[in-house]
Structures are given as C-alpha cells and as structure tokens.
Amino acid sequence: LVVEDDPLMRQLYSALFKRNSFFCHISDNGDEIINYLNSNVVDLIIMDINLNNTYLNGERINGFSLLTEIRKINKLKKLPVVLVSAHSIPLKNDQSATIDSLVYVVTKPIVNYSEFVSTIKKLIPN
C-alpha cells in the first residue's frame, strides 16, 4: 500500500512498482486506506509523512497520525512501514512513540531506485 498525496510521486511509485512486478494500491484518502487495510492483505506500507491533502474521519492528518491509527488495528501491529519525507525528521514526543522496529525512514528525493526496490524486497515476506 502506498500512501501519497502528490500526483507526480503517485505516478512515479506506480511505474516503479509495475516495472518491478509489485502490485500496489495507491491512495491519499485516510478513510479508504483504513478500509483497504481492514479488508485486504498488505505486506508493506510506504507512506509520505507530510500528507497535505489526507483526511481521516473528516480531519486532516499527517503520516504520523495515520500510522498511529493503523497500529491500532490488531492485525497491523507488526506490518512493516516505510515513512518517506523530503525533510529530515526531528521527532516530537508523540511522534517518537509511533516509531518502532518495524518503521523505516527514507528521505526524498529517492536517488537510488535500485536500492529502494531492494530494501522493499527485503521487507516483504516471500
């Protein structure tokens, strides 16, 4: 599952993953994302941290808030998540509680796509 609100990045992820034979669902709608996660098997989430146009239950949220909601779903507590940001991430106290051993951080721009895909392959179970 790719959570991204930038149309250009959505196209880039779609092309990259299609070329590497990954099936991915891409969305920036918080309610749709939670529904999708509840009704589908997902091996990995790649999520932008700075979501500017993402809402859940009518409230604007960022990637940390959405990750907190995702972790509340029992079957998703151990799901690997790759957080992507164009900035370094100085964590606030409430955000650092969200980061665990199953959360990986990647800084944009992603310059080495082969390495990025290789990392994703390592995180997805066979």
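Predicted model: local features only at pLDDT ≥ 70, side-chain atom pairs only at ≥ 80, totals over all residues.
**Entry 1: the aromatic residues**

I started at Phe17, which counts as buried at 2% relative accessibility.

Next I looked up the partners of the Phe17 ring. With Phe116, the ring centres are 6.5 Å apart and the planes make 25 degrees, so I logged this pair as stacked. I then checked where the two residues sit: Phe17 is in helix H1 (residues 7-19) and Phe116 is in helix H5 (residues 113-123), so the pair ties together parts that are 99 residues apart in sequence. Phe116 is buried too, at 6% relative accessibility.

How many aromatic pairs does the structure hold? I found 4. Another of them joins Phe17 and Phe22, with centres 5.7 Å apart and planes at 80 degrees, so I put this one down as edge-to-face. Through such ring pairs, Tyr13, Phe17, Phe22 and Phe116 are linked into a cluster.

**Entry 2: the sheet**

I turned to the strands and traced their order. There are 5 strands in an open sheet, running S2-S1-S3-S6-S7, and the pairing is parallel. Which strands stand at the edges? They are S2 (26-27) and S7, each with a single partner strand, so one side of each has no neighbour in the sheet.

I also looked for a helix against this sheet. Helix H3 (residues 63-71) packs on it and touches S1 (2-3), S3, S6 and S7. The direction of H3 makes about 150 degrees with that of S3.

**Entry 3: strand S3**

I went through S3 (residues 45-48) from both sides. S1 and S3 pair in the parallel sense over 2 bridges, and Val3 has Met47 as its bridge partner in S3. Towards S6 I counted 4 bridges, again with the strands running parallel. Here Ile45 stands opposite Val81, and Ile46 stands opposite Val82.

Then I checked the side chains. Ile45 and Met47 point one way from S3, Ile46 and Asp48 point the other way, and all of them are buried. I jotted down the general rule beside this: in a regular strand, side chains alternate between the two faces of the sheet.

**Entry 4: strand S6**

Is S6 (residues 81-85) enclosed or open? I found 5 of its 5 residues buried, so S6 is largely enclosed by the rest of the structure. Both of its faces are covered: Val81, Leu83 and Ser85 lie on one side, Val82 and Val84 on the other, and all are buried. On the S7 side, S6 pairs with residues 103-107 in the parallel sense over 5 bridges.

I stopped at Ser85, which belongs to strand S6. Its relative accessible area is 2%, so Ser85 is buried. Its bridge partner in S7 is Thr107. Beyond its neighbours within four places in sequence, Ser85 is in contact with Ile49, Asn50, Val106, Thr107 and Lys108.

**Entry 5: the nonpolar cores**

I wanted to know which residues have the most contacts inside the largest nonpolar core. That core has 23 residues, and the answer is Leu37, Ile45, Met47 and Leu66. The elements giving two or more residues to this core are helix H2 (30-39), S3, H3 and S6.

Leaving aside its neighbours within four places in sequence, Leu37 is in contact with Leu1, Val42, Ile45, Ile70, Lys75, Leu76 and Leu79. I also found a second, separate core of 16 residues, with Val2, Leu16, Ile110 and Leu123 among them.

**Entry 6: Glu4**

Is Glu4 buried or exposed? At a relative accessible area of 1%, Glu4 is buried; the cut-off for that is under 20%.

I checked what surrounds the Glu4 side chain. One of its polar atoms lies 3.0 Å from the backbone nitrogen of Asp6. Setting aside neighbours within four places in sequence, I listed the contacts of Glu4 as Met9, Arg10, Tyr13, Ser27, Asp28, Asp48, Leu51 and Lys108.

Technical notes: Residues numbered from 1 in each chain as written. Heavy atoms only, no water. Buried < 20%, exposed > 50% of the residue type's maximum accessible area, 1.4 Å probe, protein only. Pairing = 2+ DSSP bridges. Contact = heavy atoms within 4.5 Å. Phe/Tyr/Trp six-rings, centres within 6.5 Å; stacked < 30°, edge-to-face > 60°. Axes fitted to C-alpha atoms, helices over the stretch in contact; angles between N-to-C directions. Core = buried A, V, L, I, M, F, W, Y, C linked by side-chain atoms within 4.5 Å. Polar contact = N/O pair within 3.5 Å; in protein donor to acceptor, adjacent residues only side chain to side chain.
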